Amino acid sequence: MAMFLQVKEKLEHQEYSMLPIHPHPYEDELLSSWMIRLSFSNGYLPHTFYSKVLLYKQSIWNVDIDRHQPEGLLELLEKQSGQSIEKLKRLTLNNYLGYLFDSVTINGNSRWIMPLGIYHREHKRPGLQFCPRCLEEKIYYRRHWRLSLFAMCERHDCVLYDKCPRCLSLIMFHRIGTGKKKSLFPVFGVEVCYNCFFNFKEAPSIVHDDFESGLIDNYIELITNFKANRWAVPGYSLPCSISFYSGLYFIVSAVLGRRGHLARVRIKRELGVDLLFVEEMKDWSLDYLDCHKRIKVLTFVSWVIQDWPTRFVRFCTKTGITRSSFSDHINELPFWLYEVINTELELRPYIPTQTEMVCAGEYIKKRIFLL
């Protein structure tokens, strides 16, 4: 407590050229996680710290700062913390550019990124997750916990949480302490629920239903490879990771889409993976699903790409998934997926163009004349 008071006194009298306490970012930490730790370590709640102490006047918490940083924020953080802008940028979701996706939208949703649904500094969607065992090891939020590709922790073999297990509030560590008694401040940390103060490290590990069957092994391998900068369609060589992950996303979209009903029925019957919850949903995007639903979808897609393309073609043929199931994105498909869909799933009869018919007629005339 005495340390906090000393820090506050220096800050309030501007007796510093750099913040007295500036913790280093951890490996794979989210920018927002580090920013909250920065304010807490200096003895302030986030809103007061950035607006009254660092005198940053633009809004921070009403935008997804892990995806888009307001003007001048990173420059201010560099000056006050000693962390370079380049290092701070590596804490953002933009660091996945060129690996997982080729663009990140400022407004609207981006593929593989779970939206927060920000409205007046509050989150309306479960866009952030945590593993309680990881928090036990080190208290910070991992950058890959914002990705819909991750629904479980491959290190601890447990399903991630996207809500407080006690009160079911969404994870909003920037609101910790808001409206609470200041005397409680020293006990706050990013590992507690902003609403009920439940310590997320105390949450029990949840083992997924399919873990014993071994079906989930392919998914564990998928996310393990992602973190190790490896990717592969089994039996098929790909030159870049974006091609691989965009293909996975389009397969998921086809199975979850309006033409995927028979596929979902067969998946439940043959694999025991229930995706029929989609029938009652208006939005089929993977990025909007909770952890327990996403893990089922990702378990299936990591299974269906095994023995490429044999298993995929056999599955599509039996369940009525054709080229038309991918028609909404046909021009965006990576070559490894487009090639199979165009050759193996094309059921439309071929109709020659007028130019082709004219050329064929001219060829026949020439052949008859030569005879």
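What follows is a set of questions about labels, each answered with a value and its cut-off.

Author: This is a predicted model, where local features need pLDDT of at least 70, side-chain atom pairs count only at pLDDT 80 or more, and totals for chains, interfaces and linings use all residues. Residues are numbered from 1 along each chain as its sequence is written, and side-chain values use heavy atoms, with hydrogens and water left out.

Reader: Why is the pair of Y96 and F226 called tilted?

Author: Rings of Phe, Tyr and Trp (its six-membered ring) pair if their centres lie within 6.5 Å; planes under 30 degrees apart count as stacked, over 60 as edge-to-face and the rest as tilted. By this rule the count comes to 23 aromatic pairs. The ring centres of Y96 and F226 are 5.8 Å apart and the planes stand at 45 degrees, so this pair is tilted.

Reader: What makes that pair a tie between parts of the chain?

Author: Y96 is in the loop between α5 (85–89) and β1 (118–119), and F226 is in helix α7 (residues 217–227), so the pair ties together parts 130 residues apart in sequence. The helices (H or I, at least four residues) and strands (E, at least two) are DSSP runs, numbered from the N terminus.

Reader: How do you know whether Y96 and F226 are buried or exposed?

Author: Buried means under 20% relative accessible area, exposed over 50%, partly exposed in between (1.4 Å probe, protein chains only). Y96 has 6% relative accessibility, so Y96 counts as buried. F226 has 4%, so F226 is buried too.

Reader: What is the geometry of Y99 and F226?

Author: Their ring centres are 5.3 Å apart and their planes are at 55 degrees, so this pair is tilted. Y99 lies in the loop between α5 and β1 and F226 in helix α7, so the pair ties together parts 127 residues apart in sequence. Y99 is buried, as is F226. One aromatic cluster includes Y96, Y99, F226, W231 and W336.

Reader: Why is the contact of K227 and E154 called a salt bridge?

Author: A salt bridge is a side-chain nitrogen of Lys or Arg within 4 Å of a carboxyl oxygen of Asp or Glu. The closest N and O atoms of K227 and E154 are 2.9 Å apart. K227 lies in helix α7 and E154 in the loop between β3 (152–153) and β4 (158–159), so the pair ties together parts 73 residues apart in sequence. K227 has a relative accessible area of 37%, so K227 is partly exposed. E154 is at 15%, so E154 counts as buried.

Reader: How many salt bridges does the rule give?

Author: The count comes to 17. One of them joins E279 and R264, with the closest N and O atoms 2.8 Å apart. E279 is in the loop between α9 (261–271) and α10 (291–304), and R264 is in helix α9, 15 residues apart. E279 is at 39% relative accessibility, so E279 counts as partly exposed. R264 is at 3%, so R264 is buried. D274 and K268 also meet in a salt bridge, at 3.7 Å, N to O. D64, D66, R67 and R146 are linked in a salt-bridge network.

Reader: Why is E71 called exposed?

Author: Its relative accessibility is 67%, so E71 counts as exposed. E71 sits in the loop between α3 (46–53) and α4 (73–81).
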